[in-house]
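Me: Could you take a close look with me at one part of this model? I would like the helix packing first, and then whatever surrounds it.

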Amino acid sequence: MNNVTINADGCILPTWSSNACNYSLKVLNEINRDNWDLSVVFCTDAKIKELNNQYRDKNEPTDILSFNLGETITKDGKNVYLPGDIVISLDSLRENAKYFQIPEDEELRRLLIHGILHLDGMDHETIDSNEPMLKLQEEILNKLNDEIIIPLRNGDKN
C-alpha cells in the first residue's frame, strides 16, 4: 500500500491538497509501484528558487524539483520504499498554466506525474514530446483525465 504526504513550505497548504494526494496514489498505481512513501511539498517561487540555486546552481525559480532518496526502510515490520521528495512551486504552476493556456488543474496533474516518473528513475534530455518519459507522462495524464485536483471556481474556464 502506498502513502503520499503533502506539505507546504512558505505558503498555505491548498484546500485541494487531499485531492493531490489521491491523484498521486493513482499515478503510483498506474506505474505499478507498491509500498512507496512519497513526499510532495508545495511552495512559492522564492522557496523553489532557493532550492534550485542550492542544489542545481541555477539562481532562478522552476516549476518542479525532484529530490531522489531511493531508500528502503522497515516500518511496522514491512519494507517501505522512500523514493524522495517532489517540490512544486504554486507560483510557477500558475504561470505555466497561463502560458500554455491550460487549466491549473491540468498543469498540476502533469507536474505530479513528471515528478513521480523522475523519482522512479526516468529522465529526459530535452522537452521533445517524443522522449519516452514525456510520452509516458502524457499517456498517464490522458488515462487519468477524469480526475480533478483543483476544482473550478466561479468564472474559471476549462
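At what angle do helix H4 and helix H5 pack, and how far apart are their axes?

Reply: Happy to. Residues are numbered from 1 along each chain as its sequence is written, and side-chain values use heavy atoms, with hydrogens and water left out. Since the model is predicted, local features need pLDDT of at least 70 and side-chain atom pairs count only at pLDDT 80 or more, while totals for chains, interfaces and linings use all residues.

Helix H4 (residues 104-119) and helix H5 (residues 132-143) pack at about 130°, and their axes are 10 Å apart. Helices (H or I, at least four residues) and strands (E, at least two) are DSSP runs numbered from the N terminus. The axes are lines fitted to C-alpha atoms, for helices over the stretch in contact, with angles from 0 to 180 degrees between N-to-C directions. H4 is therefore oblique to H5; under 35 degrees counts as roughly parallel, over 145 as roughly antiparallel, 65 to 115 as roughly perpendicular, and the rest as oblique. The crossing of H4 past H5 is right-handed, that is, the near helix is turned clockwise from the far one by less than a right angle.

On the H4 side, the contact (heavy atoms within 4.5 Å) involves Glu106, Arg109, Arg110, Ile113, His114, Leu117 and His118. H5 contributes Met133, Leu134, Leu136, Gln137, Glu138, Ile140 and Leu141. By class, this contact has seven nonpolar, three polar and four charged residues. Here Ala, Val, Leu, Ile, Met, Phe, Trp, Tyr, Cys and Pro count as nonpolar, Asp, Glu, Lys and Arg as charged, and the others, Gly among them, as polar.

H4 also packs with H3, at an angle of about 120° and with the axes 9 Å apart. That makes H3 oblique to H4 as well, and H3 passes H4 in a right-handed crossing. Leu93, Arg94, Asn96 and Ala97 of H3 meet Glu104, Glu107, Leu108 and Leu111 of H4. Four of these residues are nonpolar, one is polar and three are charged. In the loop between H3 and H4 sits Gln101, which has a positive phi of about 55° although it is not a glycine. Gln101 counts as exposed, at 72% relative accessibility (exposed is over 50%, buried under 20%, partly exposed in between, with a 1.4 Å probe and protein chains only).

Leu108 leads on to the core. A nonpolar core is a set of buried Ala, Val, Leu, Ile, Met, Phe, Trp, Tyr and Cys residues joined through side-chain atoms within 4.5 Å. The largest one has 31 residues, and Phe42, Ile88 and Leu108 touch the most other members. Strand S1 (3-9), helix H1 (17-30), strand S2 (37-43), strand S4 (78-89), helix H3 (90-100), H4 and H5 each supply at least two of its residues. H4 gives the largest share, seven residues. In soluble globular proteins, nonpolar side chains tend to be buried together.

Leaving out residues up to four places away in sequence, Phe42 touches several others, including Ile6, Trp16, Ala20, Ile88, Leu90 and Leu108. A second, separate core of six residues includes Val41, Cys43, Leu51 and Val87.

Asp85 is partly exposed, with a relative accessible area of 32%.
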